[in-house]
Amino acid sequence: MDSRIRRVREADVDTVVELVHELAEYEKAPHECHLTAEQLHTALFGENPALYGHVAEVEGRVVGFALWFLNFSTWRGVHGIYLEDLYVRPEMRGTGLGKALLATLAKECVDRGYARLEWWVLNWNPAVGFYKSLGAEAMDEWTVYRLTDEPLAALASEVSGAA
């Protein structure tokens, strides 16, 4: 295992939140990122954490992260890992940290008997070529759908007793 990669610690939360906001800026959507340190701390270290993470650390400084959670494949009958975010600071790209973070998650999958490691990537992201070089396959025949804000609330209100 790459010694630069380790599990996220409580002391890393503020830095990871900062990196998440950097990622949102990189993805041209800073106005959509509202993550706070309190939210991330609860998700990672609360009573029932459902989010997990690893960081890339160089010379005592966190310069990248991967945040992930479990999904489940009904076709395979086992869990997998869904990588929510992977980010390495621009000045540290090309040093193998992104690959090391992905390799760490791949090892989590293999060690736990999980069937898949999945993530989304913007079509314009230059990392697409890197992901393909690892053997990752684009799931082009699938379309992602999302409900948020008013449409989410409107649908939820159709359930009897919903507020």
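In what order do the five strands of the open sheet lie? In this predicted model, where local features need pLDDT of at least 70 and side-chain atom pairs count only at pLDDT 80 or more, totals for chains, interfaces and linings use all residues. Residues are numbered from 1 along each chain as its sequence is written, and side-chain values use heavy atoms, with hydrogens and water left out.

The order is β1-β2-β3-β4-β5, with mixed pairing (strands are DSSP runs of E, at least two residues, and helices runs of H or I, at least four, numbered from the N terminus; two strands pair if DSSP finds at least two bridges between them). β1 (5-7) and β5 (117-119) are the edge strands: each has a single partner strand, so one side of each is left without a neighbour in the sheet. From one strand to the next, the twist averages 35° (axes are lines fitted to C-alpha atoms, for helices over the stretch in contact, with angles from 0 to 180 degrees between N-to-C directions).

Within the sheet, β3 (residues 61-73) and β4 (residues 78-88) run antiparallel and are joined by 10 bridges; G64 has V88 in β4 as its bridge partner.

Helix α3 (residues 97-112) lies across β1, β2 (52-58), β3, β4 and β5, and runs at about 170° to β4. T104 belongs to this helix. At 6% relative accessibility, T104 counts as buried (under 20% relative accessible area, with exposed over 50% and partly exposed in between; 1.4 Å probe, protein chains only). Not counting residues up to four places away in sequence, T104 touches M1, I5 and H54 (contact means heavy atoms within 4.5 Å).

Elsewhere, L155 is found in helix α5 (residues 149-156) and counts as partly exposed, at 45% relative accessibility.
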